[in-house]
Amino acid sequence: APMIRQRACVYSICALLLASPGATLAEPMDLTFRSQANPDFWLKPTLGAHTAWFAQNNAWAGEDRALLGGETDGWAEFGVQPGLEGGWFLGRAGSLRVRASAIYTTTQFGLDAAGTNLDPRHPDELTLEEAYLEWASGELFPKLGKDAVELSFGAQKYEVGTGFLFSDGGQDGGRRGGYWLALRKAFELTGVARLSTGPLELEAVYLRPNDD
């Protein structure tokens, strides 16, 4: 079989764009808002941008047109993720945290290596990524330890260990585009109850994936 020669040129920017003038990407500007009337409440906007260009030759041993329906020599993917998160310290009752974000992705300038954008050739879609509420117990149960009990509900990321069994809850590609950037990670709906005390950690989890 002929050798498959493949090269990829990937450029990715995955950082907060809300940076102060002259700051590097590693030093984003802190835009956290705190109310003087209620210093226990905070709010922060976030924004991520991602892009990649891929190039290859002799893909699929030269049989890309026969196997995929088109030539896959190069393509580009773009993604934007705006978000807003906040928190509220409840004293002895613990703390609340909320987050909402969306993801826009598109594939342009060619057919990708897996043929996910054969039809439509230039897919793009804006979808909800995260929308969840989380409560942590703080010092409410001192014998168990700080934040021993955590409860969360909504669309959020969830991973066990290294992610072998549970990790990526969102699907990319197809009409959504951005298959290789794979920005969507959150499950469409989750319920997580976690107890952490000493060396013991117990979790009860409900997961519904954000597939297409």
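**Starting from one arginine**

Modeller: Leaving aside neighbours within four places in sequence, R184 is in contact with I103, T105, E125, T127, E129, D168, G170, Q171, D172, R176, G177 and N210. Contact means heavy atoms within 4.5 Å.

Colleague: Before we go on, what kind of model is this?

Modeller: This is a predicted model, where local features need pLDDT of at least 70, side-chain atom pairs count only at pLDDT 80 or more, and totals for chains, interfaces and linings use all residues. Residues are numbered from 1 along each chain as its sequence is written, and side-chain values use heavy atoms, with hydrogens and water left out.

Colleague: OK. Where does R184 lie?

Modeller: R184 lies in the loop between β6 and β7. Helices (H or I, at least four residues) and strands (E, at least two) are DSSP runs, numbered from the N terminus.

Colleague: Is R184 buried or exposed?

Modeller: R184 counts as buried, because its relative accessibility is 0%. Buried means under 20% relative accessible area, exposed means over 50%, and partly exposed is in between (1.4 Å probe, protein chains only).

Colleague: Which side chain joins R184 in a polar contact?

Modeller: That of D172, at 2.7 Å. The side chain of R184 also reaches the backbone oxygen of E125, at 3.3 Å. A polar contact is a pair of N or O atoms within 3.5 Å; within protein, one must be able to donate a hydrogen and the other to accept it, and residues adjacent in sequence count only if both atoms are side-chain atoms.

Colleague: And what about G170? How far apart are the C-alpha atoms of R184 and G170?

Modeller: They are separated by 4.7 Å. Along the chain, R184 and G170 are 14 residues apart.

Colleague: Back to D172. Where is its place, and is D172 buried or exposed?

Modeller: D172 is in the loop between β6 and β7. D172 is buried, because its relative accessible area is 6%. Apart from neighbours within four places in sequence, D172 is in contact with G177, G178, Y179, A182, L183 and R184.

Colleague: Now L165. Where is L165 found?

Modeller: L165 is found in the loop between β6 (149-156) and β7 (187-197). L165 counts as exposed, because its relative accessibility is 67%.

Colleague: Which residues make the nonpolar surface patch?

Modeller: V160, F164, L165 and F166 make the patch, of about 470 Å². Patches are made of residues with over 30% relative accessible area and no salt bridge: like charges are joined within 9 Å, nonpolar side chains (Val, Leu, Ile, Met, Phe, Trp, Tyr) within 5 Å. A salt bridge is a side-chain nitrogen of Lys or Arg within 4 Å of a carboxyl oxygen of Asp or Glu. Areas come from the Shrake-Rupley method with a 1.4 Å probe; for residues, only the protein chains shown count as cover.

Colleague: Let's zoom out. How many helices and strands does the protein chain have?

Modeller: One helix and eight strands. From the N terminus on, the elements run β-β-α-β-β-β-β-β-β.

Colleague: In what order do the strands form the sheet?

Modeller: The eight strands form an open sheet in the order β1-β2-β3-β4-β5-β6-β7-β8, with antiparallel pairing. The edge strands are β1 and β8 (200-208), and each pairs on one side only. Two strands pair if DSSP finds at least two bridges between them.

Colleague: How many bridges join β2 to β3?

Modeller: 15 bridges join β2 to β3 (residues 74-89). F41 has W88 as its bridge partner in β3. β1 (residues 33-34) and β2 (residues 41-55) pair over two bridges, and a hairpin of six residues joins β1 to β2.

Colleague: One more. What does E150 touch?

Modeller: E150 is in strand β6. Not counting residues up to four places away in sequence, E150 touches E134, W135, A136, V192, A193 and R194.

Colleague: How much of the protein chain is buried?

Modeller: Buried residues make up 35% of the 212 residues. The chain exposes about 12400 Å², and carbon and sulfur atoms supply 61% of that area.
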